[in-house]
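Hi there,

Here is the structure I promised to pass on to you.

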Amino acid sequence: MMMSRGATRAARSVMGHVGPRFFSTATVRGGAANGSATGVVGASGLLGVNPFMGSERTTVAWIRFPVMGVRKESTVALGDKDEHPEKQAQTGGASGAAGGGGDDKAIVSYWGVEPAKVTKEDGTEWRWHCFRPWETYQADLSIDLKKHHAPVTFLDKVAYWTVKSLRYPTDVFFQRRYGCRAMMLETVAAVPGMVGGMLLHFQSLRRFEHSGGWIKTLLEEAENERMHLMTFMEVSKPRWYERALVVAVQGIFFNAYFLAYLASPKLAHRVVGYLEEEAIHSYTEFLKELDKGTIENVPAPAIAIDYWRMPPDSTLRDVVMVVRADEAHHRDVNHFASDIHYQGHELKSSPAPLGYH
């Protein structure tokens, strides 16, 4: 008997919490008893005549209200989707800008993190999500493109001939398809800055010391190389086997450069310096083909015009010019970093050339 009373109390307690959520006692009058009463969905068949209400019936029915924490959006209050459709429509309007995905569906968040409204200097809306107006710049085209670090030490020669040996299969595979060649080059060139910046970041954490700005410098280099890739993607579309080659080369080169940087940062930076010298040569050949008319000098992609603050009527040739100038600056930075190590210092000993473009 005691157990029966305990079970009864437990059942009442559960139904007191769950009952209002799952069940509703609806009073149905006259013609409403056939299930057409508002708010009643799928009656369970537990219909009975209430002796105190005459012709009225009491219906125990399942109702439509979503409960028990079943949600369709992350951390969105239940009912917000139905109660504020106009707010969602306004939120979704800004989600289709270029550079950040073209999904027109609204992204609603409980956390209040909303996309910033960014405009150009002329007041027009900024279209790119991958970079902001204050990250753009005008490339320095006056840089000396003929600078070369003559290999003297053993490690210099290892770096030099390693890069030279990698050029031959690249020439054979791409030949004079410089658009695809540029894409492949940038998928490789964007790796060293990220690896070096990551390792310096971990070193700074382990040693509780500053990096002299070199972490940011190397990550800026990686981002700049990635923007080169995003630009050339607008000019030339890679074939499926070229995409497969990128995956393979990136996996091999990342691990090889990671181990090289751990073993000898001065060797790793020297390798990148020579890679950038080869990049300058490749883009010079690209320009020659454009000048001869072998490659059509199409209008510059919109992303390039905004990123390098180029005139609206710029062409592909202008894009190749600024990209080549960027590679020359990366050449100088990495040879300089290698020289610092050769002189027995760490990178933090010399202020990093932040913003060196």
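**What I found**

Tryptophan 126 and phenylalanine 131 are both buried, where buried means under 20% relative accessible area, exposed means over 50%, and partly exposed is in between (1.4 Å probe, protein chains only). Before you go on, note that this is a predicted model, in which local features need pLDDT of at least 70 and side-chain atom pairs count only at pLDDT 80 or more, while totals for chains, interfaces and linings use all residues. Residues are numbered from 1 along each chain as its sequence is written, and side-chain values use heavy atoms, with hydrogens and water left out.

Now the overall picture. The protein chain has ten helices and three strands; these are DSSP runs numbered from the N terminus, with helices (H or I) of at least four residues and strands (E) of at least two. From the N terminus on, the order is α-β-β-β-α-α-α-α-α-α-α-α-α. Of the 357 residues in the protein chain, 36% are buried.

Next, the rings. The count comes to 15 aromatic pairs. Tryptophan 126 and phenylalanine 131 form an edge-to-face pair, 5.5 Å centre to centre with 90° between the planes. Here is the rule: rings of Phe, Tyr and Trp (its six-membered ring) pair if their centres lie within 6.5 Å, with planes under 30 degrees apart counted as stacked, over 60 as edge-to-face and the rest as tilted. Trp126 and Phe131 also belong to one aromatic cluster with Trp128, Tyr137, Tyr307 and Trp308.

Then there are 14 salt bridges, each being a side-chain nitrogen of Lys or Arg within 4 Å of a carboxyl oxygen of Asp or Glu. In one of them, lysine 164 pairs with glutamate 278, and the closest N and O atoms are 2.9 Å apart. Lysine 164 lies in helix H4 and glutamate 278 in helix H8 (residues 265–292), so this pair ties together parts that are 114 residues apart in sequence. Lysine 164 is partly exposed, at 32% relative accessible area, whereas glutamate 278 is buried, at 14%.

Which residue forms a salt bridge with glutamate 223? The partner is arginine 226, with the closest N and O atoms 2.9 Å apart. Glutamate 223 and arginine 226 are three residues apart in helix H6 (residues 214–232), so about one helical turn separates them. Both residues are partly exposed: glutamate 223 has a relative accessible area of 30%, and arginine 226 is at 30% as well.

Happy exploring!
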